[in-house]
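Student: Please take a close look at the charged side chains in this model. Which of them pair up, and where do they sit?

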Amino acid sequence: EFLSIKEKSIESGIDIIQLREKNENETKIIELAKEIKNLIKNTETLFIINDRIDIALTCDADGVHLGQDDFPVHEARKITPPGFLIGLSTHSEEQGKKALKSGADYLGVGPVFQTPTKPDYIPATLNYVKWATENLTLPWFAIGGIDETNIDKVIAAGAKKIAVVRAIMNAKDPDITTKNIKNKLLGSVKTLFTTSQ
């Protein structure tokens, strides 16, 4: 089912897939990563691994996404090849300002809304999205609790790129949901990013 959802989302216009797996062992994560790599073969879809630089390099992913308490970006640069993408999550204006000097290629901005993916995080709210719109000079993705019911508010706050999890992973029809979200983004947002969970 997991891979079927991924396949449908790829066919329906997902630009980037991030494998975010917190509970499985390394062997299982590598197996999933290789399956996803096979699905995106001969497509324009990029593939990012969450947190684990070692797994990202092992699976020939396009990049890694790091959290505030993960491997520092400048250290990650020392062990990754040229062109390897490094993303960094930010949850506040202070973190956003520091991230601009981190060496990251792109930033995550959120969680915008309450989300079970990060239950211990207080939402950064649309105010952080508005601040990011005015102050961040790196590419960035609004993330956290975004779905078809509230995406218009996120776009209105200035987001140009969106990352979603449950909106697609828990959808009754992932392909239709992907197309619907993508259509909402066209013209103002060019990139749709999904993570595994």
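Tutor: Glu94 and Lys98 form a salt bridge, with 3.5 Å between the closest N and O atoms. This is a predicted model. Both residues belong to helix α5 and lie 4 residues apart, about one turn of the helix. Glu94 and Lys98 are both exposed. Other salt bridges share partners: Glu26, Arg52 and Asp54 are joined into one network that way. The structure holds 8 salt bridges.

Asp15 and Lys182 meet through their side chains in a salt bridge, 2.5 Å from N to O. Asp15 sits in the loop between α1 (2-11) and β1, while Lys182 is in helix α9 (residues 174-185). The two are 167 residues apart. How accessible is Asp15, and does it count as buried or partly exposed? Its relative accessible area is 24%, so Asp15 is partly exposed. Lys182 has 14% relative accessibility and therefore counts as buried; the cut-off for buried is under 20%.

Asp105 and Arg77 make another salt bridge, with their closest N and O atoms 2.7 Å apart. Asp105 has a relative accessible area of 27%, so it is partly exposed. Arg77, at 30% relative accessibility, also counts as partly exposed.

Glu21 is a charged residue without such a partner. It is placed in the loop between β1 (16-19) and α2 (26-40). Glu21 is buried, yet it has no salt bridge. Arg20 is the nearest side chain of opposite charge, and it is 7.9 Å away. A salt bridge needs the nitrogen within 4 Å of a carboxyl oxygen.

Lys118 has a ring for a neighbour. It lies over the face of Tyr121, 4.9 Å from the ring centre.

Tyr106 and Phe141 are both buried. Tyr128 and Trp131 form a stacked pair, 5.8 Å centre to centre with 25° between the planes. These two are 3 residues apart in helix α6 (residues 125-135), so about one helical turn separates them. Tyr128 and Trp131 are both buried.

Last, a strand. In β4 (residues 85-90), 5 of the 6 residues are buried, so the strand is largely enclosed by the rest of the structure. Strand β3 (residues 63-66) pairs with β4 in the parallel sense, over 4 bridges. Gly87 in β4 is the bridge partner of His65.

Methods. Residues are numbered from 1 along each chain as its sequence is written. This is a predicted model: local features need pLDDT of at least 70, side-chain atom pairs count only at pLDDT 80 or more; totals for chains, interfaces and linings use all residues. Side-chain values use heavy atoms; hydrogens and water are left out. Buried means under 20% relative accessible area, exposed over 50%, partly exposed in between (1.4 Å probe, protein chains only). Rings of Phe, Tyr and Trp (its six-membered ring) pair if their centres lie within 6.5 Å; planes under 30 degrees apart count as stacked, over 60 as edge-to-face and the rest as tilted. A charge sits over a ring if NZ of Lys or CZ of Arg is within 6 Å of the ring centre and within 35 degrees of the ring normal. Lys and Arg count as positive and Asp and Glu as negative; His and the chain ends are not counted. Two strands pair if DSSP finds at least two bridges between them.
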